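Here is a short briefing on a protein structure. Take a look at the chains before reading on.

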Amino acid sequence: MVVILNGQDVDISEGISVLELLSIKDISPETVVVERNKEIVPSDAFAETVLNDGDHLEVLRFVGGG
Amino acid sequence: MSEDIFEIGGLKLESRLFTGTGKYADDSVIAGVSEASGSQVITVALRRVDLDSKTGNVMDFIPKDMQLLPNTSGARTADEAVRIARLARAMGCGDWIKIEVISDNKYLLPDGYETAKATEILAKEGFVVLPYVNADLYVARSLVDAGAAAVMPLGAPIGTNRGLKTKEMVRILIDEIALPIIVDAGIGRPSEACEAMEMGADACLVNTAIATASDPIMMAKAFGRAVKAGREAYLAGPGAMKSHAVASSPLTGFLGGD
Amino acid sequence: MSFYPICAEYGAAPLSERFAATTEDDVRRALGKAVLDPDDFLALISPAATPYLEEMAQQGSQLTMQNFGRTIQLFTPLYLSNYCSNHCVYCGFNAKNDIPRSQLEPAQLEEEARTIAATGLKHLLILTGESRGKASPDYLDSCMTVLRKYFPSVSIEIYAMEQDEYARLVDSGVDGLTIYQETYDEELYATLHPRGPKKDFRYRLDAPERGCKAGMRVVNIGALLGLGDWRTDALITGMHAAYLQNLYPEVDVSVSLPRMRPHAGEFQPTSIVEDRDMVQIMLALRLFLPRLGITVSTRESGQFRENILPLGVTKMSAGVSTAVGGHSQDGDKIGQFDISDERSVDEMCTALRKLGYQPVFKDWEPITEPSEGAA
């Protein structure tokens with residue numbers, strides 16, 4: 001199935017959780033915040049939040065800014 | 001003499017210099033800058049993780065005991081600012097937020113109206129809201145009503161390093177607004193930060209001037225001292241200054257007597 | 001919110017000590033600042049500032065010029081009624097005083113209004129004694145129906161009212177509220193107002209604020225200088241004005257400086273306010289609150305009023321009678337207080353122009369129609 005991650009299409013298997021997706025993309029979960037279909041996924045729910053086909057995901061982190 | 005403590009958002013700060021993390025040639029300098037400046041509050045932005053390349057994480061260089069002040073840069077409307085703020089809070093680094101709503105790419109001037117709207121929503125959700133706005137009395141008043149924790153008027157447009165171009169307007173805010181006034185943007189030199197503090201500003205936020213200096217760490221130290229000097233001058237209470245000599249014909253001569 | 005806690009704090013503090021402890025350094029420091037704080041204001045009211053009057057005058061006159069130009073707004077009082085149930089010991093209309101009492105009927109009011117309007121004046125101040133029964137809100141409303149035909153701007157100086165009553169008057173065309181606390185010394189106030197509704201110190205103190213909330217564009221306050229210690233009353237008047245200005249920035253706050261003068265009773269002032277004291281008060285207020293309106297009435301002599309023109313005055317009354325129907329009728333000459341400057345409007349204008357001031361008759365014209373009749 002396909003999810004849209006930070007604007008890019010990503011092919012993933014069924015039943016993948018947010019945590020697993022982050023791992024696939026080599027992103028440390030403690031350094032990011034995740035928004036799924038415009039709703040924030042609490043970090044303690046990364047493991048049990050299973051993704052669906054067509055989910056829009058935003059994975060964001062703090063960067064330098066004024 | 002008792003310590004001069006800046007109370008804001010539930011914190012008691014010793015330093016009245018807030019710093020930023022943008023525009024550094026090398027993010028690793030931020031650690032040294034933070035120490036040299038004495039700053040206890042530092043801004044960051046929120047952006048998408050770059051999926052294609054592995055970049056460093058600015059958080060690695062920010063001392064753990066600093067208060068994080070995420071900004072809503074990128075937001076062009078109140079709704080976007082609110083969304084970014086909630087995401088920032090979900091990072092788990094506290095509930096301070098600097099509201100920056102800008103839909104002007106030429107000067108990067110903030111939209112006071114949208115900022116006030118975002119402030120009201122976020123203040124109700126328990127955020128410690130520090131809104132970045134133009135030095136406008138009516139906008140500031142609406143921020144007071146909206147529940148902001150401070151008002152952050154610009155000294156000059158972002159990145160211009162032009163100093164306190166809005167000095168007189170900022171002075172009015174200091175005199176009229178009961179919230180802390182933190183001059184943010186445009187401060188290019190330590191003397192300008194000192195000037196703002198001497199006038200009675202509660203703090204200064206400096207990013208570009210430090211990040212783009214030849215020696216950011218030394219510049220950070222200078223800014224730290226400048227903010228302290230300005231604050232002490234303000235507290236000491238300047239002596240009598242004659243603005244003009246007593247001239248022309250007497251107006252009280254009719255009273256007679258001595 | 002209320003000014004009362006602040007007023008009480010000043011009342012409790014030993015102000016005489018603070019005045020005595022003020023040094024010339026404090027005064028000089030205040031004079032060097034562009035924006036003065038309450039401590040600076042206190043310094044300028046204190047005895048230590050007396051040698052600095054000329055310097056205060058130079059700065060004050062400069063500020064007045066910048067904020068108001070060389071203009072003086074003219075107005076006159078119209079006494080609608082002198083029925084009064086208060087026993088204010090210092091006042092000519094004291095309920096105990098055996099004087100003829102009357103209230104203008106519509107026809108008389110129309111004549112009085114016409115007479116005044118013929119002088120060119122457009123700002124009117126209407127006054128009554130304390131009588132809800134006779135000079136009722138309904139009566140006032142009916143007076144406004146007559147008056148707004150002749151005057152684009154009407155202020156009221158009447159008994160203290162509720163906020164919704166002020167709002168009703170605003171709807172009927174009133175744009176200004178004048179109400180004096182007489183003295184901010186609560187203990188002294190009690191002795192001066194032994195009987196009648198005006199006895200309630202706090203209700204009266206909060207009245208200007210109710211006026212602000214009700215939509216009055218101009219709110220004028222003051223103390224009757226000489227009733228109590230004039231320095232204290234002048235200080236707290238300034239703080240009251242600052243309080244209103246800060247909380248209601250959209251209101252034009254102004255202060256009157258009525259100084260005790262002879263009247264048809266036996267009360268004499270406890271403190272004497274000399275001319276130089278009046279000048280000091282006016283200048284201190286001007287420096288502390290640069291945009292404050294300052295009114296000087298015909299209690300003061302013509303000569304004095306002319307001398308203080310450059311020192312911060314912005315409004316003056318002219319062609320005055322303080323008797324009911326006194327503008328158009330001969331009978332009933334008992335006024336509320338004796339007038340020292342009896343000049344007519346024309347005479348005032350000539351005098352002002354000669355001194356380089358422009359008399360202003362009309363500051364604004366309402367563009368919205370007041371509501372018809374009672375709310």
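Predicted model: local features only at pLDDT ≥ 70, side-chain atom pairs only at ≥ 80, totals over all residues.

Chain C has 15 helices and 9 strands. In chain B, strands β6, β7 and β8 form an open sheet with parallel pairing. Chain A and chain B meet in a contact that takes 21 residues from chain A and 27 residues from chain B.

**Chain C: overall form**

- Along the principal axes, the C-alpha atoms of chain C fill a box of roughly 60 × 45 × 40 Å.
- Of the 375 residues in chain C, 51% are buried.
- Take the contacts in chain C between residues at least 6 apart in sequence: 78% of these join residues at least 24 apart.

**Chain C: one residue up close**

- E162(C) sits in the loop that links β3 (153–157) and α8 (163–171) of chain C.
- Is E162(C) buried or partly exposed? E162(C) has 13 C-beta neighbours inside 10 Å, so E162(C) counts as partly exposed.
- E162(C) and A49(C) are 113 residues apart along the chain, and 40 Å separates their C-alpha atoms.

- Strand β10 of chain B spans residues 203–206, and both of its faces are covered.
- A203(B) and L205(B) lie on one side of β10(B), while C204(B) and V206(B) lie on the other; all four are buried.
- In a regular strand, side chains alternate between the two faces of the sheet.
- Strand β3 of chain B (residues 17–19) pairs with β10(B) in the parallel sense over 3 bridges.
- In that region, T19(B) has V206(B) of β10(B) as its bridge partner.
- Strand β9 of chain B (residues 182–184) also runs parallel to β10(B), joined by 3 bridges.
- I182(B) has A203(B) of β10(B) as its bridge partner.
- From β9(B), the chain passes through helix α6 (residues 190–199) of chain B to reach β10(B), and this β-α-β crossover is right-handed.

**Chain B: the open sheet**

- The 3 strands of this sheet follow the order β6-β7-β8 (chain B).
- Which strands are at the edges? The edge strands are β6 (96–99) and β8 (152–153) of chain B, and each pairs on one side only.
- β6(B) pairs with strand β7 of chain B (residues 128–133) in the parallel sense over 4 bridges.
- I97(B) stands opposite V129(B) in β7(B).
- Helix α3 (residues 112–124) of chain B packs on the sheet and touches β6 and β7 of chain B.
- The direction of α3(B) makes about 180° with that of β7(B).

**Where chain A touches chain B**

- The contact takes 21 residues from chain A and 27 residues from chain B.
- On the side of chain A that touches chain B, β3 (33–36) and β5 (56–64) of chain A each supply at least two residues.
- β5(A) gives the largest share of that side, 7 residues.
- The residues on that side of chain A divide into 10 nonpolar, 7 polar and 4 charged.
- Strand β4 of chain B (residues 41–48) runs antiparallel to β5(A), and 5 bridges join the two.
- G64(A) stands opposite V44(B) in β4(B).
- Strands of a sheet pair through backbone hydrogen bonds, either parallel or antiparallel.

Key:
Residues numbered from 1 in each chain as written. Chains lettered and ligands numbered in written order. Buried ≥ 20, exposed ≤ 12 C-beta atoms within 10 Å, placed from the backbone. Contact = placed C-beta atoms within 7 Å. Pairing = 2+ DSSP bridges. Right-handed = clockwise from strand over helix to strand, strands pointing away. Axes fitted to C-alpha atoms, helices over the stretch in contact; angles between N-to-C directions. Nonpolar A, V, L, I, M, F, W, Y, C, P; charged D, E, K, R; others polar.
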